[in-house]
Amino acid sequence: MRDPSRAPTKPAKSPSPTAVKPKKPKKPSTRAELRACADGSCTVVVRRGAEIPGVERLRAGPFTVSAVGPEGVDLASVDASGFTSGLLGRRPGQGGPSTVNELSIAVLAITGDTAKLRLFPAKQRG
C-alpha cells in the first residue's frame with residue numbers, strides 16, 4: 001500500500017503567456033500638439049519619425065524621434081549651424097532628464113512603440 005504522505009505533488013502552474021496582456025501603445029500627439037512644444041514646455045506622446053520643433057529661446061532642437069522601444073528613446077537634432085546632437089537610449093527613471101543647451105527632456109513612459117516625453121526649461125545655474 002502507498003503512503004498518502006508521499007503522494008506526488010503537481011508542480012505549480014506557471015502563468016500562460018497570454019495571461020499577461022501587453023500594454024497598448026498610447027495615441028501619439030497630433031502635429032498641432034507637437035508644435036506646442038515650441039514654447040519649451042509640453043508633454044507629448046511620440047513614436048519613431050515624430051518631429052518636435054526647436055525652442056529658439058532655449059537654443060535647442062528641432063528634434064526627430066529616431067527610435068522608440070524597450071531599449072529606450074533616441075532623439076536626433078541638427079541645429080541651424082549644422083551641428084548634430086543625439087540622445088540615445090533614454091528611459092524612464094534613468095536618473096533625471098537629459099539637457100540640450102537650456103532645454104530638459106524627460107522620458108516619462110515607454111509603451112510599445114510610443115513614448116511619453118516632457119520638455120521643459122532647464123534650471124539655470126547661477
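Where is the place of Asp 79? Some notes on that and the rest follow.

1. First, the ground rules. This is a predicted model, where local features need pLDDT of at least 70, side-chain atom pairs count only at pLDDT 80 or more, and totals for chains, interfaces and linings use all residues. Numbering starts from 1 along each chain as its sequence is written, and side-chain values use heavy atoms, with hydrogens and water left out.

2. The protein has 1 helix and 8 strands (DSSP runs numbered from the N terminus: helices are H or I, at least four residues; strands are E, at least two). From the N terminus on, the order is α-β-β-β-β-β-β-β-β.

3. Back to Asp 79: look in the loop between β4 (72-78) and β5 (84-90). Asp 79 is partly exposed, at 31% relative accessible area (buried is under 20%, exposed over 50%, partly exposed in between, with a 1.4 Å probe and protein chains only). Ala 60 sits 19 residues away from Asp 79 in sequence, yet their C-alpha atoms are 7.5 Å apart in space.

4. Across the protein's 126 residues, buried ones make up 31%. Of the contacts (heavy atoms within 4.5 Å) with a separation of 6 or more, 33% join residues 24 or more positions apart.
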